[in-house]
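Subject: Structure handover

Hello,

I am passing a structure on to you, with notes on what was found in it. Please keep it open while you read.

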Amino acid sequence: MKIVDMVMPPLGESIMECTVLGWLKQPGDSVEADDSILEVATDKVDTEVPCPISGVIKEILVQEGDVVEIGQPVARLEVSEPEEAPQTAPLAPELPTPPSEATSGEHDPVTVDDQNSDEGNLQEQMAGFGLPALSNRMASPLKSSFGNNANNGFFSPLVLSIAKEEGISMQDLLTIQGTGAEARVTKNDLGSFIKKKDNGTAAVVPALKADQLPKAGGVEVQEMNRMRKIIAQRMKESQSISAHVTSFIETDMTAIVQWREKNKQVFRHQNGTSITYTPILIEAVVKAIRDFPLINISVEGDNLLVRKDINIGMGVALADGNLIVPVIRQADQYSLVGLAKMVNDLAERARTGRLKADDLAGGTYTISNIGTFGNLMGTPVIVQPQVAIMAFGAIVKKPAVIESPQGDLLGIRQKMFISHSYDHRVVDGSLGGLFLKKVSDYLEEFDPNRSIV
């Protein structure tokens with residue numbers, strides 16, 4: 001038998017550490033390769049970490065609540081000699097599905113396009129959001145608004161939990177000199193600060209808890225959960241970073257609506273999954289990005305980083321009102337069927353809290369659907385470090401002028417407003433407007449006789 005160390009694997013882009021939430025296996029337990037053995041939290045999402053090899057757990061090296069750096073040993077495993085396991089075996093997390101068309105579930109996703117679905121009215125669509133929210137055990141990326149902070153403004157779930165228990169405000173957290181990776185505040189840093197506070201050498205104004213806040217008549221005070229705090233901070237940061245400008249266009253969706261109504265049952269029968277509007281919208285966006293690659297960029301200092309991969313983020317609403325944006329990597333490599341399966345898979349895993357950190361990383365362009373809530377148009381906030389985001393409004397029947405060889409006619413058409421918010425620092429009105437028009441053109445030119453492939 002041989003003893004090997006298992007190390008914490010990479011968990012996603014820019015993630016340097018994670019917090020151990022709990023062990024799913026204990027010393028003496030036998031595990032098979034790919035069995036999940038512990039659960040960890042990052043600043044993006046909670047995730048289960050699988051074991052890369054079969055064996056018996058001999059020793060657990062980190063405990064619940066510990067902050068673990070990527071690459072740090074977490075357990076020792078006894079394996080059989082024939083496996084010829086390396087002395088250090090990484091714990092490989094489940095990777096996102098590669099560009100393929102593997103069958104996913106048949107449930108319609110609660111994502112960016114479930115407007116005007118078969119369920120009918122808005123109340124029924126809203127009821128569809130009755131899904132378990134992702135865990136809120138997420139680190140908080142809070143940047144200081146009180147001058148130069150002594151750390152990088154990112155705090156692990158453990159640090160935030162201790163700070164809350166000790167009554168340490170966010171303003172005080174931002175003054176602590178971090179000694180962890182990228183100057184992050186560690187448990188020991190916080191412990192030292194608390195000792196100084198107890199000795200009277202650190203002045204701290206205790207943070208009021210929700211039940212201690214003053215209440216007016218008929219008002220219930222609810223503290224924001226961690227995910228909502230993260231969303232709030234990122235939205236503020238985005239508006240302070242990007243010069244937001246929004247353009248609008250009205251698009252005729254009649255051909256798409258008719259095609260979907262005619263083919264949705266056949267599509268489900270042939271592919272084992274539903275066809276909603278989301279994959280059709282994503283397909284049009286991807287085509288337009290190919291035509292205008294400078295919309296698929298990010299900004300780094302004075303440089304533009306032109307992304308070769310087209311990774312589309314799609315907003316998914318959760319039951320508690322929060323929002324999460326999983327990403328379809330290399331969306332241009334999928335057929336419409338493949339996009340439908342990817343959309344449904346990501347939405348289903350968002351519902352059940354099974355998204356991995358990598359599912360939320362690497363987006364280069366994002367779409368959102370305010371039409372799900374019956375809204376006609378809106379001005380979405382850019383997901384950093386991207387430079388643009390597109391929102392699709394509700395599809396509604398309207399009287400419209402129809403041009404024909406015999407002259408103009410008045411008819412009923414299915415219309416939808418599209419709004420495009422872009423960063424005017426690097427995307428001028430011509431590029432932002434032409435890109436929006438190209439997406440609209442691709443949707444209006446959709447072939448109503450298109451086969452299901």
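The notes below start with the whole chain and then go through single elements and residues.

This is a predicted model, in which local features need pLDDT of at least 70 and side-chain atom pairs count only at pLDDT 80 or more, while totals for chains, interfaces and linings use all residues. Residues are numbered from 1 along each chain as its sequence is written, and side-chain values use heavy atoms, with hydrogens and water left out.

The whole chain

The chain has nine helices and 22 strands. Helices (H or I, at least four residues) and strands (E, at least two) are DSSP runs, numbered from the N terminus. Of the 453 residues, 49% count as buried. Buried means under 20% relative accessible area, exposed means over 50%, and partly exposed lies in between, with a 1.4 Å probe and protein chains only. A contact means heavy atoms within 4.5 Å. Among contacts between residues at least 6 apart in sequence, 69% join residues at least 24 apart.

Cysteines

A disulfide is a covalent bond between the sulfur atoms of two cysteines. Here the rule is a pair of cysteine sulfur atoms within 2.5 Å, and by this rule the count is zero. C18 counts as buried, at 2% relative accessibility. C51 is also buried, with a relative accessible area of 1%.

Helix packing

Two packed helices are described by the angle between their axes and the distance between the axes. The axes are lines fitted to C-alpha atoms, for helices over the stretch in contact, and angles run from 0 to 180 degrees between N-to-C directions. Angles under 35 degrees count as roughly parallel, over 145 as roughly antiparallel, 65 to 115 as roughly perpendicular, and the rest as oblique.

How do α7 and α9 pack? Helix α7 (residues 277-291) and helix α9 (residues 429-444) pack at an angle of about 130 degrees, with their axes 9 Å apart. That makes α7 oblique to α9. The crossing of α7 past α9 is right-handed; a crossing is left-handed if the near helix is turned anticlockwise from the far one by less than a right angle, and right-handed if clockwise. On the α7 side the residues that meet α9 are I280, L281, A284, V285, K287, A288, I289 and D291. Their partners in α9 are F435, K438, V439, Y442 and L443.

For helix α6 (residues 254-271) and α8, the angle is about 75 degrees and the axes are 13 Å apart. The two helices are therefore roughly perpendicular to each other. W259, F267 and N271 of α6 make the contact with L336, V337, A340 and K341 of α8.

S421 is in strand β22 (residues 409-423) and counts as buried, at 1% relative accessibility. What does the side chain of S421 reach at 2.9 Å? It is the backbone oxygen of P380. The side chain of S421 also makes a polar contact of 2.8 Å with the side chain of T246. A polar contact is a pair of N or O atoms within 3.5 Å; within protein, one must be able to donate a hydrogen and the other to accept it, and residues adjacent in sequence count only if both atoms are side-chain atoms. Leaving aside neighbours within four places in sequence, S421 is in contact with residues including V245, T379, I382 and V387.

N369 is in strand β19 and is buried, at 4% relative accessibility. The side chain of N369 reaches the backbone nitrogen of G371 at 2.7 Å. A polar contact of 3.4 Å joins the side chains of N369 and T372.

Loops and backbone

Most residues other than glycine have a negative phi, and most peptide bonds are trans. The peptide bond from Q384 to P385 is cis, with omega near 5 degrees. P385 is in the loop between β19 (365-369) and β20 (388-392).

D34 is not a glycine, yet has a positive phi of about 80 degrees. D34 lies in the loop between β3 (30-31) and β4 (36-41) and is exposed, with a relative accessible area of 62%. Q330, in the loop between β18 (327-328) and α8 (336-351), has a positive phi near 50 degrees. Q330 is partly exposed, with a relative accessible area of 29%.

A394 is in the loop between β20 and β21 (396-402). A394 is buried, with a relative accessible area of 8%. A394 and I370 are 24 residues apart in sequence and 7.1 Å apart in space, C-alpha to C-alpha.

Regards
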